[in-house]
Amino acid sequence: MDNLMQPFSLRVSEVIDHAARYHPNRKIISRNIEGPITETSWIKIHHNSKRLSKALIKLGIRKGDRIGVMAWNTARHLEIWYGVPGSGAVNHTLNPRLFSKQLSFIINHAEDKFLIIDNDMLPIIEKILPHCKTVEKVIVISNKEQIPKSVIPDLICYEEILKEQDGDFDWIRGDEKDACGICYTSGTTGNPKGVVYTHRSNVLHAMTSASPDMLNLSSRDRVMPVVPLFHANGWSIGYTAPLVGASMVMPGKDMTPEALYEMLEKGVTVTAAVPTIWLLLLNYLKANQLKLSTLQRVIIGGSSCPRAVIETFQKDFGVQVLHAWGMTEMSPLGTICSFKPEILELNEKDRISIQETTGHPPFSVELKITDDDGNKLPNDGKTQGKLWSRGAAVVQKYLKTEQETVDKFGWFDTGDVATIDKNGYMRITDRSKDIIKSGGEWISSIDLENAAVGHPEIVEAAAIGIKHPKWDERPILVVVSKKNSKISKEEIFEFMKSYVAKWQIPDDIIFVDEIPHTATGKISKIDLRKILEEKHYVHPDLD
Ligand code: ADP
């Protein structure tokens, strides 16, 4: 039979059109880079993104061109989020925390034609621009008066080019499978790899992410993405919020607990970030005896969320934790820990244990675990295996590579090790390169870290495997304790015994002032190993 339905195109421009049409006056509150907190709305963002698309075309952007965007979470960034793809260009998000060499590598690799940057990013761009061969123009997201002096000639002022345009513009149309955005993985091993999202993958992903068992977003919510839009497709919140017509709070660049608290108290109902942000915020709230007056849900992902964080949010602040797992390669959502009916039946303690898993996948994501030979392993909640995924918004090939990143059945090797239980709840036990192999058994470094940070005097912990003559590898723990804490190794060993099996207890503990992090705020085990090597650290049995 013929297809008799309309050929609606899943392009992201439809998302912002919808928000402007049906949720025009929903508030978008934003802390600007210049300082003041401003208010705008979806209709105004829609208007400005159309003006930006028009301006970009006038400046020479053509369909398929790449534009690198290095900006914090502000309302103007939302205008760019839609203005760039609306002009037919591809929005390449740039993480300012990457090393200069990595930044120029990815700008050259993606062949960015323009850069659009916040004014405080100028020093970074000034340094790398001579090495960026394809960049023709740099646009600074600011008013004319607030653009700092720069060695870059002919800087373009964002507000000026917008001023010249009316909003009378038809989005550049095209196939829903056209490229829409690029995000590079953080490149902890080798050069960063480019993941290219299509309009279709972004829209499908946003539709499933927003659904009740996932981010559970609606027009009644006010969402604050603390996770930057440049980290893993901004966890899709730049698409999901307008898709459901939610209001937003954009926190800008100030990530201190004081600043985040101020923004959370502007009526935020849902927020999202990595665990370290929340550890700091919870300490701040407790120290100052503060309450969260409107927050209902917090999405925590990017690395494993410690049980203590889940308990404190839920028991002390009445905020539900949604523990999530995802990857840049998956747009990024893979799973969220919302409660299926089977979990609601459990007592609170067991429910919190379930929340330590990262939950179950949305529609269109499929997961499986296998042994090293690719044989499928059981979903019994105990057996650990290599985690594979496939779905509508999962990478097929990295940018400019010949080889597909998936096997012949479309499965993508996530590089994670996990268990899956009978209800489909997945628990990341480690990244395959970080798992500690001791006497033929696997010890999860994440389990050890989470057990340690449950101690009130421990701020952060990192477990790594160290060469051992008898056991192949044994775990050791690197710990940052609270200021002025006198906690001893023995006390930590004793504390951990209640959470992990005796043979998994680390063989040694090293106290440090700081643990190195990656550009996306995760513990950098590569750098940690380097530091230990430089200190000629060996297992105590070899000493
Ligand atoms: P990057 O490594 O560049 O920060 P991603 O954000 O794509 O890039 O990282 C994805 C990885 O982060 C996953 O493969 C997994 O190892 C880890 N991760 C994400 N969420 C969780 C979680 N809730 N628990 C444990 N690990 C997680």
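The structure is a predicted model, in which local features need pLDDT of at least 70, side-chain atom pairs count only at pLDDT 80 or more, and totals for chains, interfaces and linings use all residues. Residues are numbered from 1 along each chain as its sequence is written, and side-chain values use heavy atoms, with hydrogens and water left out.

Helices (DSSP runs of H or I, at least four residues) and strands (runs of E, at least two) are numbered from the N terminus. Helix α1 (residues 12-22) and helix α2 (residues 42-58) have axes that come within 8 Å and cross at roughly 140 degrees. These axes are lines fitted to C-alpha atoms, for helices over the stretch in contact, and the angles run from 0 to 180 degrees between N-to-C directions. Angles under 35 degrees count as roughly parallel, over 145 as roughly antiparallel, 65 to 115 as roughly perpendicular and the rest as oblique; α1 and α2 are therefore oblique to each other. Contact between residues means heavy atoms within 4.5 Å. On the α1 side, Ile-16, Asp-17, Ala-19 and Ala-20 meet Trp-42, Ile-43, Ile-45, His-46 and Lys-50 of α2. Sorted by class, this contact has six nonpolar, one polar and two charged residues. In this scheme Ala, Val, Leu, Ile, Met, Phe, Trp, Tyr, Cys and Pro count as nonpolar, Asp, Glu, Lys and Arg as charged, and the others, Gly among them, as polar.

Aromatic pairs were also examined. Rings of Phe, Tyr and Trp (its six-membered ring) pair if their centres lie within 6.5 Å; planes under 30 degrees apart count as stacked, over 60 as edge-to-face and the rest as tilted. By this rule there are seven aromatic pairs. In one of them, Trp-81 and Tyr-239 are tilted, at 5.4 Å centre to centre and with 40 degrees between the planes. This pair joins distant parts of the chain, since Trp-81 belongs to helix α3 (residues 75-86) and Tyr-239 to helix α8 (residues 237-244), 158 residues apart. The ring centres of Tyr-82 and Tyr-239 are 6.1 Å apart and their planes stand at 90 degrees, so this pair is edge-to-face. Here too distant parts of the chain are linked, Tyr-82 in helix α3 being 157 residues apart from Tyr-239 in helix α8. Burial is judged by relative accessible area: buried means under 20%, exposed over 50%, and partly exposed in between (1.4 Å probe, protein chains only). Trp-81 is buried, with a value of 1%, Tyr-82 is buried at 1%, and Tyr-239 is buried at 3%.

Helix α8, which contains Tyr-239, is mostly covered, with seven of its eight residues buried. These are Ile-237, Gly-238, Tyr-239, Thr-240, Ala-241, Pro-242 and Val-244. Helix α4 (residues 100-110) has eight buried residues out of eleven, so it is largely enclosed by the rest of the structure. The buried residues of α4 include Leu-103, Ile-106 and Ile-107. The packing partners of the buried α4 residues are β3 (66-70), β4 (90-93), β5 (112-118), α5 (122-128) and β8 (179-184).

Strand β4 holds Thr-93, which is buried at 6% relative accessibility. Apart from neighbours within four places in sequence, Thr-93 is in contact with Val-69, Trp-81, Ile-182, Cys-183, Leu-229 and Phe-230.

Several backbone features remain to be described. Most residues other than glycine have a negative phi, and most peptide bonds are trans. Ser-236, which is not a glycine, has a positive phi of about 70 degrees. Ser-236 lies in the loop between β10 (222-225) and α8 and is buried, with a relative accessible area of 0%. His-536 likewise has a positive phi, near 55 degrees; this residue lies in the segment after α16 (525-534) and is exposed, with a relative accessible area of 68%. The peptide bond from Ser-331 to Pro-332 is cis, with omega near 10 degrees, and Pro-332 is placed in the loop between β14 (320-326) and β15 (333-336).
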